[in-house]
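My entries follow in the order I made them.

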Amino acid sequence: MSLQLTLLGTGTSDGVPLIGCSCPVCVSTNPRNKRLRTSAWIHNEDQSISILIDCGPDFREQALVYGIKRVDAVLITHTHWDHIAGIDDLRPLALKNGKEIRRGNKIDIYVFSELAESLKRPFPYIFGEPEQIGGGVPAVEIKELIEGQVFYIKGIRFEPLVGFHGKMKVFGFSFKDTVFITDVNELPHNTVDLIKNKKTVILNALRYSEHSTHFNVNQSIEMLVKVAPAQAYLVHTTHDLEYDKLNSELPDGIEMGYDGLSINLK
Ligand SMILES: [Zn+2]
Ligand SMILES: [Zn+2]
Ligand SMILES: [Zn+2]
């Protein structure tokens, strides 16, 4: 069975629609203008392979909508809340009470070693000593990644890719013929070289105007033209970007990503 990548969410940290906003995108009835927080899912049909990239505040809804039944691992791009807030919602897939894992297997959470402490900090009841036995916690284990260190999950090769999110160093990932990078506003030369001429590149593009920690649309296009994938998709977008309008303006081979978009990985 072929391996697929499904975009579970393509929105920025606020999601789209934005709470309280009545702009044309937020009130649009086009489902492609409704964006849960950015996350992706690498899986085969029977979910014997099931790997998440990020696990944000919409994970529960994403798991229900896309029928996620099990998870092997979560790859964390960086530790902003819109990328990690769903870790507690992994409990139904891997619940730990005391020392005993009651549902599924332990889920490995892969994170850049420099961000491991900031991943643990909001979840003292998961990564510290439990206050009492009785409250279940997700059965997860952190696996720290370092730059340049290739790793394998279920036989799939993953290569971490360094990017800059303002001052914060974050990881994108290269796997199969595909690259997923979000929340960057700069890519070092070595990452640019590693992602050239892939089949698919998924890259963040926040909005039309510039931002101090995210590529805007023009900066993302400029990078994509440089690395020249056969097909690129823009994610982590705000309510500034109307799906049909931007899509009609984008160069050939670059499209807006949308929630539920699925591509075959080769
Ligand atoms: Zn984000
Ligand atoms: Zn709006
Ligand atoms: Zn971020």
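What radius of gyration would a compact globule with 266 residues have, and what does the protein chain have? I found 18 Å for the protein chain, which agrees with the value near 18 Å for a compact globule. The radius is taken over C-alpha atoms, and the globule rule is 2.2 Å times the number of residues to the power 0.38.

**Ground rules.** I noted that this is a predicted model, in which local features need pLDDT of at least 70, side-chain atom pairs count only at pLDDT 80 or more, and totals for chains, interfaces and linings use all residues. Residues are numbered from 1 along each chain as its sequence is written, and chains are lettered from A and ligands numbered from 1 in the order in which they are written.

**Overall.** I looked up the secondary structure and found seven helices and 17 strands in the protein chain. These are DSSP runs numbered from the N terminus: helices are H or I with at least four residues, strands are E with at least two. The C-alpha trace spans about 55 × 40 × 40 Å along its principal axes. Of the 266 residues, 41% count as buried. A residue is buried if 20 or more other C-beta atoms, placed from the backbone, lie within 10 Å of its own, exposed if 12 or fewer, and partly exposed in between.

**Core.** The largest nonpolar core has 64 residues, and V74, I107 and L203 have the most contacts inside it. Such a core is a set of buried Ala, Val, Leu, Ile, Met, Phe, Trp, Tyr and Cys residues joined through C-beta atoms within 7 Å. Strand β7 (residues 107-112) gives the largest share of this core, five residues.

**β3 and its partners.** I followed strand β3 (residues 50-53) next. S50 and L52 point one way, I51 and I53 the other, and all are buried. β3 pairs with β2 (residues 39-43) in the antiparallel sense over four bridges; pairing requires that DSSP finds at least two bridges. On the β4 (residues 73-75) side, three bridges join the strands, which run parallel. L52 stands opposite W41 in one pairing and opposite V74 in the other. β3, helix α1 (residues 59-66) and β4 make a right-handed β-α-β unit. Right-handed here means that, with the strands pointing away from the viewer, the path from the first strand over the helix to the second runs clockwise.

**Helix α6.** Which residues of α6 (residues 217-227) are buried? I listed V217, S220, M223 and L224. Seen down the axis of α6, they fall within an arc of 130°, so they line one face; the arc is that of the directions from the helix axis to the C-beta atoms. The face turned away carries the exposed residues N218, E222, V225 and K226. The cover over the buried residues includes β14 (200-204), β15 (231-235) and β16 (254-256). Beyond its neighbours within four places in sequence, L203 is in contact (C-beta atoms within 7 Å) with residues including S220, M223 and L224.

A cis peptide bond joins V16 and P17, with omega about 5°. Q47 is not a glycine, yet has a positive phi of about 60°. Q47 counts as partly exposed because it has 15 C-beta neighbours inside 10 Å. H236, also not a glycine, has a positive phi of about 60°. H236 is buried, with 29 other C-beta atoms within 10 Å.

Definitions and conventions. Contact = placed C-beta atoms within 7 Å.
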